[in-house]
4 protein chains.
Amino acid sequence: MTEGAGKTLDFAVFGAGRMGRIHAANLARQPGVRLRYVVDVDRDAAAALAARHGAQVADVDGAFGDPSVGATVICSSTDTHSELIMKSAAAGKHIFCEKPVDLAIERARQCADAVARAGVVCMIGFQRRFDPTFAALKARLDAGEIGTPEMLIVTSRDPGAPPVDYIRRSGGIFKDMLIHDFDIFRWILDDDADTVHATGSCLSDPAIADAGDIDSTAVTIRTKRGRLCQINTARRAAYGYDQRFEVLGSHGMLQAGNVRPTEVVGWSKTAVSQDVPEAFFLERYRAAYAHEIEHFYSAVMQGTPVRTTVADGLKALELAEAAALSWREGRAVKVGAAG
Amino acid sequence: MTEGAGKTLDFAVFGAGRMGRIHAANLARQPGVRLRYVVDVDRDAAAALAARHGAQVADVDGAFGDPSVGATVICSSTDTHSELIMKSAAAGKHIFCEKPVDLAIERARQCADAVARAGVVCMIGFQRRFDPTFAALKARLDAGEIGTPEMLIVTSRDPGAPPVDYIRRSGGIFKDMLIHDFDIFRWILDDDADTVHATGSCLSDPAIADAGDIDSTAVTIRTKRGRLCQINTARRAAYGYDQRFEVLGSHGMLQAGNVRPTEVVGWSKTAVSQDVPEAFFLERYRAAYAHEIEHFYSAVMQGTPVRTTVADGLKALELAEAAALSWREGRAVKVGAAG
Amino acid sequence: MTEGAGKTLDFAVFGAGRMGRIHAANLARQPGVRLRYVVDVDRDAAAALAARHGAQVADVDGAFGDPSVGATVICSSTDTHSELIMKSAAAGKHIFCEKPVDLAIERARQCADAVARAGVVCMIGFQRRFDPTFAALKARLDAGEIGTPEMLIVTSRDPGAPPVDYIRRSGGIFKDMLIHDFDIFRWILDDDADTVHATGSCLSDPAIADAGDIDSTAVTIRTKRGRLCQINTARRAAYGYDQRFEVLGSHGMLQAGNVRPTEVVGWSKTAVSQDVPEAFFLERYRAAYAHEIEHFYSAVMQGTPVRTTVADGLKALELAEAAALSWREGRAVKVGAAG
Amino acid sequence: MTEGAGKTLDFAVFGAGRMGRIHAANLARQPGVRLRYVVDVDRDAAAALAARHGAQVADVDGAFGDPSVGATVICSSTDTHSELIMKSAAAGKHIFCEKPVDLAIERARQCADAVARAGVVCMIGFQRRFDPTFAALKARLDAGEIGTPEMLIVTSRDPGAPPVDYIRRSGGIFKDMLIHDFDIFRWILDDDADTVHATGSCLSDPAIADAGDIDSTAVTIRTKRGRLCQINTARRAAYGYDQRFEVLGSHGMLQAGNVRPTEVVGWSKTAVSQDVPEAFFLERYRAAYAHEIEHFYSAVMQGTPVRTTVADGLKALELAEAAALSWREGRAVKVGAAG
């Protein structure tokens, strides 16, 4: 039997939107786990999610005030993350928090400190590391299948841009969208960035430019050991959600491809066709979301370390800031230096 | 809201083996559904499954005797299927039963009659019709994408032969393994068999021949409308579970391919490689098992017809008998005739 | 230097149609080789081909009467093959002849005898054995990569039926179209047929049925060692020329897939698409035609044995006759027996 | 009949190495074309190539001095290109020249001027534009299949680094290897570079670093219209010659994939495998070399414009210089400006 056998865990979820519902259901499915409180400014959404799991609607203080709550799942809007993390840490509750920790690095650092002082588990939702395809690639890389990794090419494209209102509050494409790709970079190349160069354009909708942002980026990172990474992103890929990367190593290459809904192949007069990729992140990363919460669950119940820490969140954020600076100033930026 | 909203359903499961555990969990996950009884000659297995779902262990009479039980899920050994179907029908309980209905056609016919008289839902577990890839192909075929279907090629290979003891009680490869392929044939070509020709060999293990069976078959069916179907099967494919088919139509072709665990592609000095297919039926048809139980649940709660009836079970069995006869006598066999 | 260095070879081609032009060009490209005569009832076609290679137009006797002619390439209509083979043999000239040797087995046997007596090289144009994909598969099979071959599935579909006039003179689909597939069967499984079962239908054009033929077939062969082969063919595949086969062996599987004109992949809103296969045999087997003539050239110049002999032509013809008999009489046929 | 019917063309080839032999054979195969002279400092190589085509060995002056020579094919070492181009132009002979025009942009400009003044055809050997896959992609892009191109990702990797002696004289990786990729960029995105950023590393062999060069590069180009291009290259890909690119457009994506020697797929216990790509440029671009010479032939015989002019060679060279500067100075470089 595992160390955690027989233990129970009650948790509260902050945010009853899409991600809150997914994480709550995945965590509540674990043995011995119970959803106690749902907190959301939208009381109807909170009530609906609570009803589905036999939980109660609460406000922030109510949820933190109950000592029987052992963990919090934070899926509320980005601007609430850091405050909720710090309150959870202060209350001694373990934390699962969606990315990003905060749009401001300084606040994110304070969170990291608070978590460290409190000694609670704090896992940031970089779910891609738990995707079966990405995780299998990483395991084969670590097993030495292609020798030393030398070059990483990341393709990360959304099926369409979010509303401009969202973009305005998003912190910009580098913090909002590429934050995941920067985490993939760190995870796969296992090295620190030395310089970052980023450029980009607004090609799909001038309203995005008016909001001070871009919708297409081309980022290059050179690591301290001289490894190279190129990331290309677009807010709009007409064919859907495109999530691929490939690693060139000294002895070969590993590619992580898109996932298709079905394996039907159609042969017509003009083409041999397969499905377009899974529509968007909810479909593409369905398994990843389940696996990351199981990982969090194990960490809490058995005291094992988490794979995506608040420190990882910080590092990704630093890269996002460096990339944004590079784009704005049109020059390569030294990471970790004054710029 | 759907018609079934608010209704509840208690059910009993017969057989606490692999399939019993999967079906019980999938059915118990539906809203308003509760597992009440687990029946198995192996009391420990029954108790373990019951405990997981807050159900009770019962014997056959106990389960049938409780009027609150609205449905039965039959996953016990093949020789018990027909008796349990008839008892369920007599008790007015809806039935989900694993294939085959019975190894003897006459018994299967009696089941069909009993179910019809009782007016209960009876669904046979031809889960392949619920596989996302197969179902998508069928939907596109029905939508006319490739015109009239003319030819069907089915490849159906297991990763390894079961123990010879199992084979001895299996009814032979045509009833045990090809039963699924015969159902696929009827479903896809939407036509009745006119003649069947089957040949085969024992190539992997002489013990299978000693048990009076074969491990490799080549079956050809010509339908009443002149459509053609070829089925090739093997008990042992070294690379794993191979489940493919393709339909040639007057305007194109549709293929249903294998499903891979991940989308990693490895490039080495000698090859560009992908994963072998999902290991066996539990993995390959995981989604199909969930979908077929949801379908059964809808049929019971909302009175909609089931896609895989006991009549389908009978038809597949008739084809299996005709194929076995063809193989034994080395001649093409007219289906539905005296042979 | 090879044994053939410095030798020269003059040859005559019979038939100035598509295949005659291809073979003449491929053979004339070899070092030391010269096209001397073109023979065709269509004098214009003969003259055009002759002009391209600096050759002369001749009649049959003129070509055979010139002792400087060392080899003949026979690409004229099927009903002339056996006579030209026998005249070539009588004149001591090496022979490359398109399939089939003759529609009548007895005539084909006489050709085999004549060739054997004369001691000339006689190669039959089963070009598929020289296709890079098929030949690589065969080499890997022979190297033991998948252990013992146990099952062969052949898919062989034309993009459209030829004119009914052609079909009427073709000898029927088994001799005209499946002759190639029967040769693939013998080559890949390396075993003799024990029984053949064939069925078929006319699904694309009733005029083919009126001509006494079918356009779709399903053939099963069981070999003397118990290996199984299924061949499916159609005169009309809307998506083009479909030429695939796969071999299941005791340790794995090898598949030979179609060849695409380009490796462009298009991603649209609805599909991820590749090219349809090469349009027809002239495109699909372009390399194979070149390789088979190089093989013939080597055999003639260096005395090495040919890979596709007149005996292979005979064996394929016997299988075609057995299949046709099986189809007409609706029963499995013993090969090599009275039927 | 075409305009060029009946015309003849005699040509001289400079350089009897691999590319000289390929181009000479491809050009000599065109109707009415004859190879007259082979010029090479290696007299044996020149003699062998001349013998194969019934040509004569000559020195530079001999070849240029014969007025019957209408065209020159320049495949000699890079440092001789510009002089031979200028002599050809002065002699009024049409020119096909391997890339690059010259390592020094100033010399290349002089060539462009000389060619323009002389009014001769001058085609630079950017053979990739004639590759069937790349050319089909470009045609579909131009036909509007994916709307406006917005982003281009180029993967260009060699199977292994050339000898360090070669690298030392190569002009550096940007002029030697990426010159082709810069031409692909201009051809596909149909736009001028505004800024270039390049970084790189020496990861495979320290001797390359000692020679002042790198073996891995990551280049980003932003065009005047805001389109983005990322190019990744490596001198050593363990799995072979990797030549891919993909274009993201406003309505979809087009990818150009690698070409495999065969379409065999092997299924083993552990993997489903295809061939690695064609080994190197001679194999990968065999068809492209034939098509580009046919294109040159048409241009000369019929006066049609060439697709890859000396101006294209100049532009690619300018990009290579800008990239090299960016790499050396660690900053993005404005193209066409003082830097």
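User: Hi! In which sense do β1(D) and β2 of chain D pair, and over how many bridges?
Analyst: Hello! β1(D) and strand β2 (residues 33-39) of chain D run parallel and are joined by six bridges. Strands here are DSSP E runs of at least two residues, helices are H or I runs of at least four, and both are numbered from the N terminus. Two strands count as paired if DSSP finds at least two bridges between them. Before we go on, this is a predicted model, where local features need pLDDT of at least 70 and side-chain atom pairs count only at pLDDT 80 or more, while totals for chains, interfaces and linings use all residues. Residues are numbered from 1 along each chain as its sequence is written, chains are lettered from A and ligands numbered from 1 in the order in which they are written, and side-chain values use heavy atoms, with hydrogens and water left out.

User: Thanks. What stands opposite Leu9(D) in β2(D)?
Analyst: That is Val33(D).

User: And why is β1 of chain D largely enclosed?
Analyst: Six of the six residues of β1 (residues 9-14) of chain D are buried, so the rest of the structure largely encloses this strand. Buried means under 20% relative accessible area, exposed means over 50%, and partly exposed lies in between (1.4 Å probe, protein chains only).

User: Which residues sit on each side of β1(D)?
Analyst: Leu9(D), Phe11(D) and Val13(D) are on one side, with Asp10(D), Ala12(D) and Phe14(D) on the other, and all are buried. In a regular strand, side chains alternate between the two faces of the sheet.

User: Switching to chain A: what is the strand order in the open sheet?
Analyst: The six strands run β3-β2-β1-β4-β5-β6 in chain A, with parallel pairing. At the edges are β3 (56-57) and β6 (122-124) of chain A, each pairing on one side only.

User: How many bridges join β2 of chain A to β3(A)?
Analyst: Two bridges link β3(A) to strand β2 (residues 33-39) of chain A, and the strands run parallel. Val38(A) stands opposite Val57(A) in that β3(A) strand.

User: On to the interface. How many residues of chain D and chain A are in contact?
Analyst: There are 39 residues of chain D in contact with 39 of chain A, with contact meaning heavy atoms within 4.5 Å. Together the two chains bury about 2,900 Å², 57% of it on carbon and sulfur atoms. Buried area here is the accessible area (1.4 Å probe) that two parts lose on being put together, summed over both.

User: How many salt bridges are there between chain D and chain A?
Analyst: Six, each being a side-chain nitrogen of Lys or Arg within 4 Å of a carboxyl oxygen of Asp or Glu. One of them joins Arg244(A) to Glu246(D), with the closest N and O atoms 2.9 Å apart.

User: Which strands of chain D supply residues to the side that touches chain A?
Analyst: β7 (149-157), β8 (193-201), β9 (216-223), β10 (228-234), β11 (242-249) and β12 (252-256) of chain D each give at least two residues to that side.

User: Last topic, the backbone. Where is Pro100(A) found?
Analyst: Pro100(A) is in the loop between β5 (94-97) and α5 (105-118) of chain A. The peptide bond from Lys99(A) to Pro100(A) is cis, with omega near -10°. In chain C, the bond from Lys99(C) to Pro100(C) is cis too, with omega near -10°.

User: And Asp190(B), buried or exposed?
Analyst: Asp190(B) counts as exposed, at 52% relative accessibility. Its phi is near 50°, a positive value in a residue other than glycine. Asp190(B) lies in the loop between α9 (178-189) and β8 (193-201) of chain B.
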